[in-house]
Amino acid sequence: TADGFIEQSALVAKILPQKNDSINVWLFVFLLLLGFAVKVAVFCPGIFRSYPHFRRYDPSLTEDLRFIVVCVTSTSENRALALRSLIGAVGALPAGCSCRYHVAYLDEGHRPEHKALWMKFCHILAAIPSGSFQTYEENVRQFFHVWVDQLRDPWALAEYLVTSDTRLVRAEFLWQLWRQRRSLPRRQEAEEETVTCNGHQLSALVTHREVESWAASVASRSRGSTSSTFIWAVSHCWEMREHPDPFRHQLQHLVNFTSLQHVAYEAQQWLFYDYLSVFQFQRSTGHEEESFRLALKKMHMFYSHACTRTLRIESLTPENAREDLVKSEEDLRVFHGPSGHLAHVPLSQSRTVQQHPPCSSPCCAFLHLNLVPFAQRGWCRVESEWSTMRGAPFGTRRIDEAEGRSVEMEEDGVDRERPDAELEFYHCKVAMPPEIFREQATSETLRFTHRSDLKAVMTLQKRVFLEKAANCEALIHERLPDRELQILAAGMHHYKSLVSLTLRRCYFEDEGAKRLGEAL
């Protein structure tokens, strides 16, 4: 209008919808769909037809390769993280690799400390010997597999239990045996036993599925989940060649301890006890023999894993109780050599070494008592050694310690009424370096049922000690006597990653204090 206003009729009109239905648009959409179909056909051939491939690693996969290169970059990482990456890269060397395997270390900053780290790392590689039974590459692979710490991973423990078919036993089953005045059964017979837990009828032995569920729960603990399960590894004597606990002495201590733990924490408790957990003599099938071999190969995992704790029963059945049961009419269900099957053998057939000369024949009709003390038994000693390598003061505990005497303790834990009580208070142990353990093991102070076990025991002890010591950053010990402080000092050079050492209520003498001070 002349005065500047716009008429309403000029602003409002019918708006026609716009449509992309031209031939050009449809042609563009068709080309897009066609291109997508071509990509699917080219990059996903397995959708339309199967093609051969490996579902797991096989050495033949490396035959067509010239080399494999794993590149480790340092960027802004410190030497500890770089070393961890290098260890993992070398440990990933495939078994039976047919091509060259290279590990390249890329440090763009050219830092002197990282160059020194690389040179030390190469010196370790050069020091690994080439064995007469296997190649140098296989020795390197096995060495770095040990270096990679599997003793903190719950899945590693679960995998070991499943692959070796080793079973843990429920604490409720031990309570049931004690109430029924029964002795421990072999693993073969324990598989058929059941027990009532919280109103449910369960197998006496923990299933593999339960173990895997436990591992998943522990692994997800950092995301808010918690695991309410204790796993105890029992270190004990075999009081008889045919049965470890013929007089139910160890069973009584296990029942007392686990019952108190149940009242205090109301958590389920699983135990590793070799007679119940691993197939025993006589193993009648190939599976039982293979399971026993695999279980023995990594036995140290039970006694040194971060997810387990060790229970030690160091005492033997008191002599008067043993004699009363031997004179009684009680019998023991064991594998009977002369008959070739399980049988109830009277305890009156028990014989000591003095009463019956040592015999290795499985067909002997007698029950062979073994009264060697706990501290002089090779397997018991190495189990204690493995247990002290967790780096925590309560990784292992003796549950029969106060047997036979009542001790009134002062506030600091020492019985002032007995002159030797103060020294008894300092009774804990440290992990023994391999060189000291080898010296003691070969000096005939340790006894093995089979002397051939000595080499395997020393190898495992060295393997576990070096693995745990190399990765230990915080070491805590309590109530150590002076002789153990000297052993600790002798092994301090193995703790390359140690950041803090905590000693509580330890008994220092001049020699122990001097050696430890020099080692630090």
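These legends walk through close-up views of a predicted protein model. Residues are numbered from 1 along each chain as its sequence is written, and side-chain values use heavy atoms, with hydrogens and water left out. Because this is a predicted model, local features need pLDDT of at least 70 and side-chain atom pairs count only at pLDDT 80 or more, while totals for chains, interfaces and linings use all residues.

**View 1. Confidence along the chain.** The average pLDDT (the predictor's confidence in each residue, from 0 to 100) is 83 for the protein, and 86% of the residues score at least 70. Where pLDDT is low, the predicted coordinates should not be read in detail.

**View 2. The five-stranded sheet.** Here you can follow an open, mixed sheet in the order β3-β7-β6-β8-β13, where two strands pair if DSSP finds at least two bridges between them. Strands β3 and β13 (396-398) sit at the edges, each pairing on one side only. Two bridges link β3 with β7 (residues 268-272) in an antiparallel arrangement, and Val-169 stands opposite Leu-271 of β7.

View 3. Look for Ala-233: its bridge partner in β7 is Phe-272, and in β8 it is Thr-310.

**View 4. Helix α10 over the sheet.** Helix α10 (residues 249-265) lies across β6 (229-236), β7, β8 (309-313) and β13, and runs at about 160° to β6; axes are lines fitted to C-alpha atoms, for helices over the stretch in contact, with angles from 0 to 180 degrees between N-to-C directions.

**View 5. Helix α7 in its surroundings.** Seven of the nine residues of α7 (residues 171-179) are buried, so the helix is largely enclosed by the rest of the structure. Among them are Phe-173, Leu-174 and Trp-175. The buried residues of α7 pack against β3, β4 (194-197), α10, β7 and α11 (274-277). After α7 comes Arg-181, with a positive phi near 55°.

Technical notes:
Helix = DSSP H or I, 4+ residues; strand = E, 2+ residues; numbered from the N terminus. Contact = heavy atoms within 4.5 Å. Buried < 20%, exposed > 50% of the residue type's maximum accessible area, 1.4 Å probe, protein only.
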